[in-house]
Each structure stands twice: as C-alpha cells, then as structure tokens.
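Dear colleague,

Here is the structure I promised to pass on to you.

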Amino acid sequence: MADTGTISLFSYFKRKRNSSSTSSNSTSSSSPDPKKQKDNLEETFTDIKEAEEFEENMAEANIVEIISKEVEKKLEGIFDSLKEKIREEVKNVVENVMKRFDGLEKIVDKIEKENMELKRRLVELEQYGRRANVRIFGVKEETGEDCKTLVSHMLKNKLSLNINEKDIDAAHRLPQRAKDKPKPIIVRFFKRDHQEKVMRARKRLKQTGVSIAEDLCRDLLQLYNRVRNDSSRVLESWVWRGQIFIKDHRNEIHKVHYGQALDEMNLPVMRYQP
C-alpha cells in the first residue's frame with residue numbers, strides 16, 4: 001500500500017494530465033490540431049505510466065522495509081532469548097564448578113591435615129630413636145683420638161659422672177662448617193638413664209667452653225631454632241627428652257609440637273621500645 005507521498009505524487013501526475021487535457025480542449029475548440037492532440041495524449045499516457053511505475057516501486061520499497069523491520073524484531077527476540085539461555089547455562093556451569101571446587105578444597109585440606117599428622121608421627125618416631133643420644137660441643141680435637149675414651153674422661157672429670165666407655169654404644173665427630181671450632185661429638189649410650197644423667201649435670205659445664213645438648217632430628221632442630229630466636233614472644237626455651245618447651249613473658253610454660261606455629265598459641269607479644 002502506497003504512503004501519502006506516493007499518493008500526492010500520483011495526484012500530481014493526474015493533475016498534470018487533466019491540465020494538459022483542458023489545454024488541449026480549449027485549443028481544439030478554437031483551432032483543432034490533430035498533431036498536438038496526439039502529442040498531448042502520448043505525453044499523458046507517459047506520465048500515467050511513470051506514475052504507476054513509481055507507485056509500484058514505492059510500494060515494493062515499503063514492503064521490503066516492513067519485512068525488514070519484522071525480521072529485525074524477530075531476530076532481536078531470538079537473540080534476547082538466546083542470551084538469556086546462555087546466561088542461565090553459564091550461571092549453572094559456574095555454580096557446579098564452584099560446588100566441585102569447594103568439595104575439592106575440603107578434600108585438599110583434609111589431605112594436608114592428614115599429611116601433617118603423618119609427618120608429626122614420623123618426626124616423633126625419629127626423635128624417639130635418638131632418646132639415648134647427646135651432642136657435645138667444644139671438646140678439643142686430638143690426633144689419633146678415641147672419641148669413647150675422650151668422652152668418658154670428660155664426663156668423669158668435668159661432670160663427676162661414673163660413666164665408662166662400656167656404657168657408650170658409639171661416639172664420633174660430626175662435620176663442622178666453622179673451621180675455627182672443634183667438630184661436635186655425637187654420643188649414643190646403651191641406656192637412656194645415662195643420657196638423662198648427662199643432661200641433668202651439664203649445667204656444671206658453664207664457662208668451660210664445653211656444652212652438651214640433646215640430639216634433635218633436623219625438623220625439631222629447625223623448629224627449636226625458630227622458637228628460641230623469637231624473643232618478642234619467648235622468654236626462655238629448652239629441650240627435655242626430645243620435646244621443646246618455652247616460657248612466655250607471663251612466665252607461663254608451654255610445650256611446642258612439631259607443625260605448631262607460635263601464632264596459634266596466643267602468646268603475649270613483648271614490644272621493645274627503641
């Protein structure tokens with residue numbers, strides 16, 4: 001269906017045709033000219049034909065425009081529906097992934113706790129195997145020395161302990177990074193009682209340059225070094241029977257287990273003023 005612009009244009013051609021007919025009739029009444037009448041008729045038919053073609057073209061253009069708009073509306077509806085479906089699908093996928101992730105995170109946490117517990121038991125088991133050991137520091141090295149004899153003499157002379165070579169299962173020097181210090185001696189007694197006697201009597205070695213410590217495994221030794229270097233929370237620290245103890249600034253005594261951080265123990269923190 002043609003719009004108002006098309007109808008107006010078509011009316012223009014009709015008026016033009018009527019104007020031409022009127023002019024032709026007035027001319028013919030005065031002096032009829034067959035040739036001019038023929039030309040006027042041909043011109044009128046041409047105008048009418050052009051108007052009809054123009055109207056048809058405009059009608060087709062309007063139809064195409066209407067169809068395009070309808071198609072565009074349909075496509076917009078389809079796209080909106082697809083976007084909503086995709087949004088819902090993505091939301092569901094994300095929710096499922098997050099649920100699985102939460103489940104995996106809980107599993108990982110559980111495995112980490114179990115691994116830490118297994119590690120703690122292995123450390124305790126390793127330390128248990130060292131319960132009859134001590135490490136002696138500061139004993140001068142001698143050429144061709146026998147560590148068992150050297151240790152038994154030192155224990156008798158400096159600690160007044162009646163521990164002989166027959167009470168010592170093994171004794172030997174350990175590697176030492178500092179070349180200006182004698183290598184420490186690790187000693188294993190046959191009986192744990194002998195180890196405890198030595199540990200109780202070691203305070204007699206103060207100001208002698210010789211010291212005795214329990215033979216801690218590597219993991220516990222690292223833990224002990226961290227603890228005793230934390231002066232803001234630890235007032236004193238010591239080891240007894242392979243276990244680490246600390247005294248905080250409230251003079252309260254705590255046992256520190258492997259895998260336990262001082263932050264978890266709610267210790268008071270001493271702030272030092274410069």
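Asp 263 is exposed, with a relative accessible area of 60%, where exposed stands for over 50% relative accessible area, buried for under 20% and partly exposed for what lies in between (1.4 Å probe, protein chains only). Its partner in a salt bridge is Arg 233, at 2.3 Å from N to O, a salt bridge being a side-chain nitrogen of Lys or Arg within 4 Å of a carboxyl oxygen of Asp or Glu. Arg 233 sits in the loop between helix 5 (218–228) and strand 5 (236–240) while Asp 263 belongs to the segment after strand 7 (253–256), so the pair ties together parts that are 30 residues apart in sequence. Arg 233, for its part, counts as buried at 17% relative accessibility.

Please bear in mind that this is a predicted model, in which local features need pLDDT of at least 70 and side-chain atom pairs count only at pLDDT 80 or more, whereas totals for chains, interfaces and linings use all residues. Residues are numbered from 1 along each chain as its sequence is written, and side-chain values use heavy atoms, with hydrogens and water left out.

A second pair is Arg 173 and Glu 145, whose closest N and O atoms are 2.8 Å apart in a salt bridge. This pair links distant parts of the chain, 28 residues apart, with Arg 173 in strand 2 (residues 168–173) and Glu 145 in the loop between strand 1 (133–137) and helix 3 (147–159). Arg 173 is buried at a relative accessible area of 15%, while Glu 145 is partly exposed at 23%.

Within helix 2 (residues 34–128), Arg 121 and Glu 117 lie four residues apart, about one turn of the helix, and their side chains meet in a salt bridge of 3.2 Å, N to O. Arg 121 is exposed, with a relative accessible area of 52%, and Glu 117 is partly exposed, with 27%.

As for the whole, the count comes to 18 salt bridges. The protein chain has five helices and seven strands, these being DSSP runs numbered from the N terminus (helices H or I, at least four residues; strands E, at least two). Of its 274 residues, 26% count as buried.
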